[in-house]
Structures are given as structure tokens and as C-alpha cells.
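Here are my notes on the model you sent over. Have it open beside you as you read.

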Amino acid sequence: MSPSQIIVMATPVFFALIALEYAVGLKRRRNTYRLDDAISSIGLGMLSQISAVFTRLLRVGIYTAVYSAVAIWPDHPFWTTWVGWLSALVFYDFCYYWLHRAGHETALFWAAHVVHHQSQDYNLSTALRQTSTGALLGWVFYLPMAIAGVPPLVFGVVALFDLLYQFWVHTEQVRKLGWFDRWFCSPSNHRVHHAVNDRYLDRNYGGILIVWDRLFGSFQEEDELCVYGTRKPLQSWDPLWANGEVYWGLIKDSWRTRRWDDKLRVWFKPPGWRPADVAARFPAPAFDIAQVQRFAPPMGRAVQWFAGLQFLALLAGVSGFLWFADGWPLSRSAVVFTVLVVALWAIGAVMQGRIGMGEALFIECAALSMASAALGWVELHRLFKPLTMLVAMAMVLGHARGTGGLQRDLGLLLGALALSLAGDAFLMFPGYFIPGLVSFLLAHLAYIALFRRQVPWFPSQRALLTTLGIGLAVYAFLWQGGLPAALRAPVAAYVLVIALMAAQAIGRATVQRSATAIGVAVGAAFFMLSDTLLAINRFVSPLPMSQVWVLSTYYAAQILIVMHIVRSEPAPDPH
């Protein structure tokens, strides 16, 4: 059984203990759970585990290579005795202590570890909140075990045990445990570790044994109420931003500083250190524990139900992925991984109010349509491809109902989507390429009429010449690559129309200079890219994983255009 499958088998136990802790909290009137925070934390744990499918080879491969090349006592029978297993566990915990300590004392390692500390709640769901980037460098700290000759299998088992042990210490419902607290990582000791209080900061790093902290001067007793989170709050339910937030800050500071040594130093100094010139030009507010407030965007009952049901569906998808992914080709794992990440992001965005429930379904259906096509799941593709456009049309109609009727802009958008739906339907079946081409040509004409609203025809000559030039180059490439004679005229008309659509959208953006207009222009550019890839794949040379590239760019175009146009429509005046 692979490590991923063991995690799947342990998942019901995790949730049973979470339910028990929640029940105890309610009974004691000390509930420590919030739906949005728990979904965010467990979602980050999911992301960590599905990412590990790709990074595990790096960690295990490097460890095995070092073990095979330089182990002092390779294949020694000692490590398979009970004393050897126990020694390997203690050895691992010692290495983990120093990795964990580096995660708080070095900015680069903190950038990975920060994910585990971002929650402002402290409960068993927080234990599942794990980094997706820690494996990229964390393996360095375990190389002493490989050099000492700890076999890879033994290393893997004790690593899993050490990780699972740490689950139960993330709770406020278990108070101090007397003698146990003096020797082992316990709930009391680990609460200190997660707190941002001055006296608790960067303390109690031990995974199983707290002895390491007592030996190396990093121990702190729990003696005041803990305030949880980070000193620079995340303020987001976005799982991608949670993993990238600190990296982005380091990149910006490294770019902005004028001193070349500071550009490197910023990555290896303690978290919070900034070059003097950057700190002067871009000052950060001082931390004040009295001003800490929980991040809690309002969520209506409908959003709560939507997020909960989406989370359960995603949990099933992640469990299936982890169970089978180790036996899949890398390309299949990457496609399914993409869908799961999109769904994770969408749930967080809905809970945060960044997108609506309809927009989330639109994005998720698009991802499922792309994945089902790429993986050859024909029947599912025939379901999700039309469903994606139907959801988009339902969004437009719903917005029209809420804004006083189907105005001309929304009518043109609805027409473009209906024609796109027809084109999608035709292209799913062999022998209907021409009807599909005509449907999409008409859809692009509707988009041109939509983008013409409130601006002149082709207001940017540079954009018009650029898109026509690109279209001419693509057409020449298709002609040279063997475009059938019967299709030369229809394809030429299609290339011309889509170039004009992109030119109109980009020109509109140069006039209006709004985020909405720019988003629509980017969507139009994605349309050109998608159709170019489709044509090259069909008429010149098959592209590897063509469905991924063609459909991902196609749906990126539709999503950007639909969401920006819909959001640009003003709400009706209540008076």
C-alpha cells in the first residue's frame, strides 16, 4: 500500500476525531470550529497530498540515491529490529526538529511552512493544513539518515508515523498532561508553537519529542492565552495564494532592493527581515496583537450549503485520485490534479465572495470538460461540454433577471454562448466540422457586435494590424501544412472573423482602460490561441495532449469574457 493510500485509509479516522472534537467543544461551550476555516484548512491538506504524488519521487529518489551511493552501513539488519525501528524514529524526529526550526528561522523555509500556521483557529482540521512546496527543499535535512544507512523503507514508515502522531496535538480541548508534557509534543506544547504571542513566538518545534526543544533552548511552557495565526495574516481562503504568499513577498523584496547581496540575503535571513532600502520605501505595519481580528467574510446559508456539498464531492475526488494516481501515467495524474486544484480554488473563492456559485460551477464544468476530453472519457465529455455552456447561459439569464431584463449587451452575450454551444455540440461528433465552424464563426460575429458597444469600430489600428498579421501568418502555416482545398475558403473566413473579434476587444480595452475591458481582451486573445492550436492539431500535425491545450485556452476565453461582461452590467436603480 502506497503512502497516499494509507492517507486515504486514515481519512475516516481523521474525520471521526474532528467530529468528536466538535461535539466536545459544543458540549463545553468552547467550540473552536468555523465552516470556512475548516474547509480551507482541510482543502490545503488535500492540495498538499495530491501535490505529493509529483514530489514524492523527488524526495524518495534523492534519499534512495544518497543511501545507495554513500550509506555507511547499508542493508544492516539492525534497522529491522525493534530497537532499530525505534532508533530510526528518534533519528527522524531529531532531523524533523531542525527542519521545523529552519522553517521558522529562515525565510525560504518559512515560505513553505507558513501554510500550516495561517489558520486563526486551532483544532484538528488545522493539523491537516499542510504545505504543498515543503518537499522541494525539506529532503536536505533527512540526508544524515541516508548516510547512516537507514533503509528507504524504514525511513518512509517512520516518516509517516511521525506525521500521523502530530495530528492529535492540534486541539484546545485537551489541557496540560503533567509528566507527558515534559517529554513529548503535546496539545499544550504545540498550542504554544502556533501562537503569535511575543513569549511564544518560534518555540516548541518537536514533532514527537519535546526533549529536543529543552536541549536546544527553544522550549516555552504554556502560561498565557494563545492567539493563533501569523503576524502577517493571510486574509484569504485561496489555497494557491496561501502557498505562494510569502514567496511572492520575497520575490518583490529581492527585486526592489538595490544591493546585490541583499537580493540573495533576503531568502536566508529570518522571516520578517527586509533590506533597509526596501523597508524605507515600502514600510510594513508593525504587529499589534491587540489589533488581531479573525478573517471572516460573510457567508449566507446558501453559500454554506454550496461550499459544504462541494467540499464533500471534492473529498471523494481527492480520495479517488490518491488511491489510483501512483499507478497512472504522469500525464493522466496531471490532468486530474488540475481539475482538483481548480475545484479547490473555486470553493475558496465562493466562500470569500470573489465569485458567485454560478461562476464556480461554470469554471468547474469547464475543467471537467477539458479533463474528460483529454482522458478519453467520451460519455462524460458529452455531458460536461454542453453543460458548461448551459451553466454560462443560466448565469447570464440569472443576472439579466436581477438587473431588470435582458439588455442588449447580455442578449448578444447569450447569443454568442448559444452559438458556441451549437459549435461545441457539432465538434463532438465526426463529420460535423463545417457546421461547427459556421456556428463558431457566427458566435464570433456576435462577440464583435458585443465588443463594439460604446466604442468605435476597431479603435486601435495597431491592434487591428497585429491580429490580422497573426491571422495571416497562421493561415499561411495551415496552407503550407496541407489545409484541404475544400476548407481553404471557410477557414480563411473564420481566421478573418476571429482576428477582427480580437482586434475589436483589444481596441475596446485601449479606449476604456478598465479591468473589465482588459479581461475581455485577454479572453479574446485566448480565443485566437485556442483556434490556432485546434487548426494546427487538425490540419498540420497532431499536438501532444492536444485536448488539454485547445480546451483549456477555449474555456479560459469563455470564462474571462462571460464573467467580465456580466460583472460590468450595472445593477438596477432601486429608486
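1. Ground rules. This is a predicted model, so local features need pLDDT of at least 70 and side-chain atom pairs count only at pLDDT 80 or more, while totals for chains, interfaces and linings use all residues. Residues are numbered from 1 along each chain as its sequence is written, and side-chain values use heavy atoms, with hydrogens and water left out.

2. The cores. The largest nonpolar core has 107 residues, and Leu413, Leu417 and Tyr447 have the most contacts inside it. (A nonpolar core is a set of buried Ala, Val, Leu, Ile, Met, Phe, Trp, Tyr and Cys residues joined through side-chain atoms within 4.5 Å; buried means under 20% relative accessible area, exposed over 50%, partly exposed in between, with a 1.4 Å probe and protein chains only.) Helix α16 (residues 330-352) gives the most to this core, 12 residues. Helices are DSSP runs of H or I, at least four residues, numbered from the N terminus. A second, separate core of 31 residues includes Leu99, Phe109, Met145 and Val158.

3. Ile565 is found in helix α24 (residues 546-568) and is buried, at 3% relative accessible area. Leaving aside neighbours within four places in sequence, Ile565 is in contact (heavy atoms within 4.5 Å) with Leu413, Leu450, Arg508 and Val520. Leu450 is 115 residues away along the chain, yet the two C-alpha atoms are separated by 9.3 Å.

4. The largest cavity. Its volume is about 230 Å³. (On a 1 Å grid over the protein atoms alone, a cavity is a set of points where a 1.4 Å probe fits but cannot get out, and a pocket is an open set with protein on both sides within 12 Å along at least five of seven lines; lining residues have an atom within 4 Å of a point. Grid points are joined across faces, edges and corners, and a volume is the space filled by probe spheres set on the points.) Of 19 lining residues, Tyr494, Val495, Asp531, Thr532 and Ala535 are the closest to its centre. Helix α23 supplies the largest share, six residues.

5. The second largest pocket. This one holds about 1300 Å³ of space. Among its 44 lining residues, Trp110, Arg231, Lys232, Pro271 and Gly272 are the closest to the centre. The largest share, nine residues, comes from α12.

6. Most residues other than glycine have a negative phi. Asp75, in the loop between α2 (35-70) and α3, has a positive phi of about 55 degrees and is exposed, at 66%. Phe458, in the loop between α20 and α21, has a positive phi of about 45 degrees and is partly exposed, at 24%.

Methods. Helix = DSSP H or I, 4+ residues; strand = E, 2+ residues; numbered from the N terminus.
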